[in-house]
Amino acid sequence: MFSTVLVANRGEIAVRITRTLRALGVRSVAVYSDADVGARHVREADDAIRLGPAPAAESYLSAGRILAAARLAGAQAVHPGYGFLSENAGFARACAGAGLVFIGPPPAAIEAMGDKIAAKATVAAAGVPVVPGAGAAGMSDDDLAAEVLRIGFPVLIKPSAGGGGKGMRLVRSAGDLPGALEGARREAVAAFGDGTLLAERYISRPRHIEIQVMADAHGHVIHLGERECSLQRRHQKIIEEAPSPMMDAPRRAAMGAAAAEAARSVGYVGAGTVEFIVSGDSPEDFWFLEMNTRLQVEHPVTELVTGLDLVELQVRVAAGEPLAVRQEDVSLAGHAVEARLYAEDPARGFLPTGGRVLALREPDLPHVRVDSGLAEGMTVSSAYDPMLAKVIAQGPDRATALRRLDAALAATAVLGVTTNVGYLRTLLSHPDVIAGRLDTGLAERAFAAPGVDGVAGPAGGAGAAGVPGAAGVPDDVLAAAALAHLLLREPPGGPGSPWDIPDGWRVGEAAWTTLRLTSGTGDPVPVRVRGRADATAEVRVGEAAPVAAHAELDAGTLAVTCDGRTRRYAYAHAAAADGRGTAWLGRDGQAWALAEEEPLAAGSGPAGGGDGVVRSPMPGTVLAVRAARGEQVKSGQPLLIVEAMKMEHTVSAPVDGVLAELTVAAGQQVGLDETLAVVTPAGASPGRDPGLDDVTP
C-alpha cells in the first residue's frame, strides 16, 4: 500500500478521494490553482501544493507542474479523479516515467477506449454490439457529411476524443449539418485538443445504461451492476440511479458480460465504466456507446447498493493487490439516486453562473450522502466545470430513495451562487420520472422552452416552461426580502431614540417605504413596508392588500410571519457600494437573489432588449466577435460567442440597427450582465437622446 498519494484534481471529487485515503491511513496531497486558494479540497487534505494561475492549462492540466508537486510531496502515486488528466494516456506515461503509479488503467487501454472510433472497432471484434456510425482521423467535413448521408438522419455528431456531452450535436437534416460539424469540431479542439469527429445513428428515445467494471493486474474482471443515467440535459447527466428501473436479472447478466468483455479486449486494469444505449422501442437491444477509463461522477450510487468503496478498490488494485471481490460476491441491495448540483440558472436557460458562496446549507439527514467541494466564502469561478456537489439518497426501494433525495434537496441552500437545486426537485416530481419511464430526452421535453430544440436544450435568455424561477418570484419571498432590508436598517440592540428608527415616522401613522425589488429577470416589483420589522410591521406586495408582518434574523435564518403564517428562509446579504445590496433567500431547495433597484433606474425603463444594449448572459470569456463596429445588423444576428464552464453561448443582436459600440474583444473576461455591445435601433439617431427630441431650448 502507498504511504502518500497526490490527488490531481479539485472540488468534490478531490474531497471524496481524500476521505477514502484517510480511512486507509494514506497521506493525501492536494494541488490547487490561484482560483482555489483556501478551497475545501485544499483544507481537508494532509498537505497542499500550489500549481499556478487559475487557467486550467497553467494548473490542473499542466502535467509537468503536477509531477513536480508529487516529487515535492514525496508521493508514490497520483489519483487523477475524473476530468482534467484522468483519461490522458500521455499523463499516465509521464507518471510512470517519473517513478509514480498512475491510479487508473494502463496507457494503452486509455488510448484504445479514448478514441471512440477505435473503441467501437475493438469491442465489435470482441462480439459487443455497436451503433452504426462513421468517422476517422483526417476526415474533412465534406468526407463526414458524405458518410452521414449514407447513415441517414437523425445522426449524432460528437468528438472522437473526450466525453461529457462536450461538442455533441444532434442533426436532423442536411441543411443543419455544416454548422453542426463546424461547431462540434471547434469545441472538440478547445476541450480535448483533437478535432476528430464521429457520426452515429441517433437512437430515438434511448435509455443510457452504464455498467461499472473493475479489473486487477492478475486477470480478474468483474462488473458491479448497472446505473441508469438517462436523465440528461445537453447530453450532460443530471440524475443517476442504481439499479436501473428497467433492468431484470437476465438483461443485467448479458450487459455485464458484454462490459467485462469490452474491458478484457483492451487489457483493462482499475475502475471503468462501459456505457450502452438501450432502445426505448425494443429494450432487449443494447449497443456499446463508449468506455470511460476512469472513475465516474455517479459512482456513489453503485457504492451505496453494493457496499463497496470504489476508490479503495482503485487504490488497492493500483498498489498491485488482487481483487478481493469475485463476481459471485457482488449483490445489489436497495436503491440509490444521485442528483448533481450545478452552478447554472434554470430561469436564464440554464446558463452557467458564478460568484461567492455567502451561505451554505447541506443536508444532514439519515440515508443521505453529500459529496461536495463547497464551502462558505469560496468563489465559484467560470474557469472550471459547473458541477459543485452531489446529493445521494438510498432506500430499500426506488420510491423511498426518490422521496429521501427530494427531502435532502429541500434542505439544501447555496446563497451567493445561482444553482439548479429547485429544478432538480421539479424534475424528480415528474410523473414519468416517478414511474421510471425514462429516456435521454425526457428532461428537456418536460421543461422545453417554446421554439427551442429539446435535444439541444434551452439556448438561454429565457427560462423553460415549468422551470423554477421562470414564473417569477413568489410574493412571500418578496415580502421577506423587503422585511430583511428593513431589519438591516434598524439599529442593533434597539433604538436609542425614535429618530434612530427608519420607519417613516410622522404625526399620525407611519409612512410607507417603497422598495423596487428585482431578480434580474422580469420587471421590478414594488413592495411597500412600514413599521418595525422586528416588532409590528405591515407589508404590501404589488397591488395586494397590506398584511401584518414580523421578521427575526438569527444565525443566517430569517423567520418571517405574514398574515399569521410563519416561514423560514436561509438568508445572506451581499452589500453594495451604495448600501443597497442584494438579499439572498433560500427555501425548499430554491434560492432567490433580490436587489433593490435605484429610483433613477426605476424611471428609466428596462435595460437591454429593445434599447439595443447587448449584455453577457453569463460570466465567462469572449471566444469570438462576429461583427464589426459600424456594421448594419439584423435582430437575431450572431454578434459574439461567450464561453463559460466549457459551454459556448452565442450572443445575438436584440434589434435591427447599427452596431454603434463594441466594448469587448476575443479573449476578454466578462461578468454576468456586463455590457458587450450597443446596437442603435434602426431609425434612431446615434449619440442623441430620443427623449430630448421634442424639447425646445
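Student: In this predicted model, how many bridges join strand β1 to β2, and in which sense do they run?
Tutor: Strand β1 covers residues 4–7, and its partner β2 runs parallel to it. Within this pair, Val 7 stands opposite Ala 30 in β2. The number of bridges joining β1 to β2 is four.

Student: Is strand β2 mostly covered or mostly open, and how many of its residues are buried?
Tutor: A residue counts as buried when its relative accessible area is under 20%. Strand β2 spans residues 27–33, which is seven residues, and the strand is mostly covered. The number of buried residues in β2 is six.

Student: Which strands are the edge strands of the eight-stranded sheet?
Tutor: The sheet is open, its pairing is antiparallel, and its order is β14-β13-β10-β11-β12-β15-β22-β20. An edge strand here pairs on one side only. From one strand to the next the twist averages 25 degrees. The edge strands are β14 (286–292) and β20 (368–372).

Student: Which residue of β22 stands opposite Asp 371?
Tutor: β20 pairs with β22 (residues 387–395) in the antiparallel sense, over five bridges. Opposite Asp 371, the residue in β22 is Lys 390.

Student: Which helix packs on this sheet, touching β20 and β22, and what angle does its direction make with that of β20?
Tutor: The helix is α1, residues 11–24, and the strands it touches are β20 and β22. Its direction makes an angle with that of β20 of about 115 degrees.

Student: How are α4 and α5 oriented relative to each other?
Tutor: Two packed helices are described by the angle between their axes and the distance between the axes. For α4 (residues 89–97) and α5 (residues 107–114), the axes are 8 Å apart and the angle is about 175 degrees. Angles over 145 degrees count as roughly antiparallel, so α4 and α5 are roughly antiparallel.

Student: Which residues make the contact of α4 with α5, and how do they divide by type?
Tutor: On the α4 side the contact is made by Ala 89, Ala 92 and Arg 93. On the α5 side it is made by Pro 107, Ala 108, Ile 110 and Glu 111. By type, the division is five nonpolar, no polar and two charged.

Student: In what hand does α12 pass α13?
Tutor: The axes of α12 (residues 398–410) and α13 (residues 421–428) come within 10 Å and cross at roughly 155 degrees. That makes α12 roughly antiparallel to α13. The crossing of α12 past α13 is left-handed.

Student: How do the residues of the contact of α12 with α13 divide?
Tutor: From α12 the contact uses Leu 402, Leu 405, Asp 406, Leu 409 and Ala 410. From α13 it uses Val 421, Leu 424, Arg 425 and Leu 428. The division is seven nonpolar, no polar and two charged.

Student: In the sheet of four strands, which residue of β37 stands opposite Val 633?
Tutor: This open, antiparallel sheet has the order β32-β39-β37-β34, and its edge strands are β32 (613–615) and β34 (632–633). Two bridges join β34 to β37 (residues 657–662).

Student: Is Phe 350 buried or exposed?
Tutor: Phe 350 is in the loop between β16 (344–345) and β17 (351–352). Its phi is positive, about 65 degrees, although it is not a glycine. With a relative accessible area of 1%, Phe 350 is buried.

Student: How does Asp 588 count by accessibility?
Tutor: Asp 588 lies in the loop between β30 (582–587) and β31 (590–596). Its phi is near 55 degrees, a positive value in a residue other than glycine. At 41% relative accessibility, Asp 588 counts as partly exposed.

Methods: Residues numbered from 1 in each chain as written. Predicted model: local features only at pLDDT ≥ 70, side-chain atom pairs only at ≥ 80, totals over all residues. Heavy atoms only, no water. Pairing = 2+ DSSP bridges. Axes fitted to C-alpha atoms, helices over the stretch in contact; angles between N-to-C directions. Contact = heavy atoms within 4.5 Å. Parallel < 35°, antiparallel > 145°, perpendicular 65-115°, else oblique. Left-handed = near helix turned anticlockwise from the far one by under 90°. Nonpolar A, V, L, I, M, F, W, Y, C, P; charged D, E, K, R; others polar. Buried < 20%, exposed > 50% of the residue type's maximum accessible area, 1.4 Å probe, protein only.
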